[in-house]
Amino acid sequence: MVSYSSPSYTSDITVYSSEMSELVVIHKSNAGTRWLIFLSAVFLVSVPVFIQAPLVRYLPWISLGLTPVLWWVGSRLSARMKARWVGDLLLGFTWTWLAGSIYWGWLRWEPYWHIPVEAIGLPFVLAAIARRQNRVGSFFYLGSLFGTAITDLYFYLVDLIPHWRQLMQVEGEQVRPVFQSAIAQMQTPWGTSWAVMLALLLLGVSLLPLYSRQGCWWAFGGAVLSTILVDSLFWLAANLA
């Protein structure tokens, strides 16, 4: 087994495994790269909310058609040593983009389909992790999926699913009473207690990976932490409605 640090991509230590006859890349990133991965993961979780959501609502086919473009760009970047983690992260983001296009484009009226569709890339990223490939992007996808699952769990626990369905069917002034009803339910002792407990869970799960020196865990932590940010923005928007 031979190991070396690439002069052009100092954030990785590349290890050749003679036993497996394949290149294995272990992402032991420097602090600067880890923070870049973390902040990029936070940004990429926010993108579907502020860019994809309005796009997919009115032009779902365009959103879906951008999926192979994202995949192609990610594949090209991941093949370059200097931009490997950027391409790797973009490949993981492509799975969240694909799932968002399918669900919010054609299935958003049925909350029960949300997690199954969001998990569409799960078998592929698990296979990639098993092969030690695309670890940054795969862990980003897992963090995003975990945060989404916790948010959906809150909707089920606080019985907000009926409000979800109503919001998907109304527009304009009709949105306000639905938001107000949902906020009233969230502000009950039951709703507040679960919000605090699940927020603390997300915060803990997002911060623990930051003790690792592997960039993939920082991608996971950034994706989970941004779930709190996005959910907080939704809560603020609902209060202002």
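This is a predicted model: local features need pLDDT of at least 70, side-chain atom pairs count only at pLDDT 80 or more; totals for chains, interfaces and linings use all residues.
**Tryptophan 95.** Tryptophan 95 has 16% relative accessibility, so I noted it as buried, given that the cut-off for buried is under 20%.

**A second ring pair.** From there I moved on to phenylalanine 139 and tryptophan 217, an edge-to-face aromatic pair with 4.7 Å centre to centre and 70 degrees between the planes. Phenylalanine 139 sits in helix α6 (residues 135-157) and tryptophan 217 in helix α10 (residues 215-240), so this pair ties together parts that are 78 residues apart in sequence. I also asked myself: is phenylalanine 139 buried or exposed? At 8% relative accessibility, phenylalanine 139 counts as buried. Tryptophan 217, at 33%, counts as partly exposed.

**Back to the partner of tryptophan 95.** I counted aromatic pairs and found 15 in the structure. In one of them, the ring centres of tryptophan 95 and phenylalanine 124 are 4.9 Å apart and the planes lie at 10 degrees, so I wrote this pair down as stacked. Tryptophan 95 belongs to helix α3 (residues 84-107) and phenylalanine 124 to helix α5 (residues 122-130), so the pair joins parts 29 residues apart in sequence.

**A cluster.** I then found Tyr103, Trp104, Phe155 and Trp164 linked by ring pairs into a cluster.

**The whole protein.** Stepping back, I looked up the fold and found 10 helices and 3 strands. Along the sequence, the pattern runs β-β-β-α-α-α-α-α-α-α-α-α-α. Of the 241 residues, 44% count as buried. Last, I checked the surface: the protein exposes about 12600 Å², with 70% of that supplied by carbon and sulfur atoms.

Terms used: Residues are numbered from 1 along each chain as its sequence is written. Side-chain values use heavy atoms; hydrogens and water are left out. Helices (H or I, at least four residues) and strands (E, at least two) are DSSP runs, numbered from the N terminus. Buried means under 20% relative accessible area, exposed over 50%, partly exposed in between (1.4 Å probe, protein chains only). Accessible areas come from the Shrake-Rupley method with a 1.4 Å probe; for residues, only the protein chains shown count as cover. Rings of Phe, Tyr and Trp (its six-membered ring) pair if their centres lie within 6.5 Å; planes under 30 degrees apart count as stacked, over 60 as edge-to-face and the rest as tilted.
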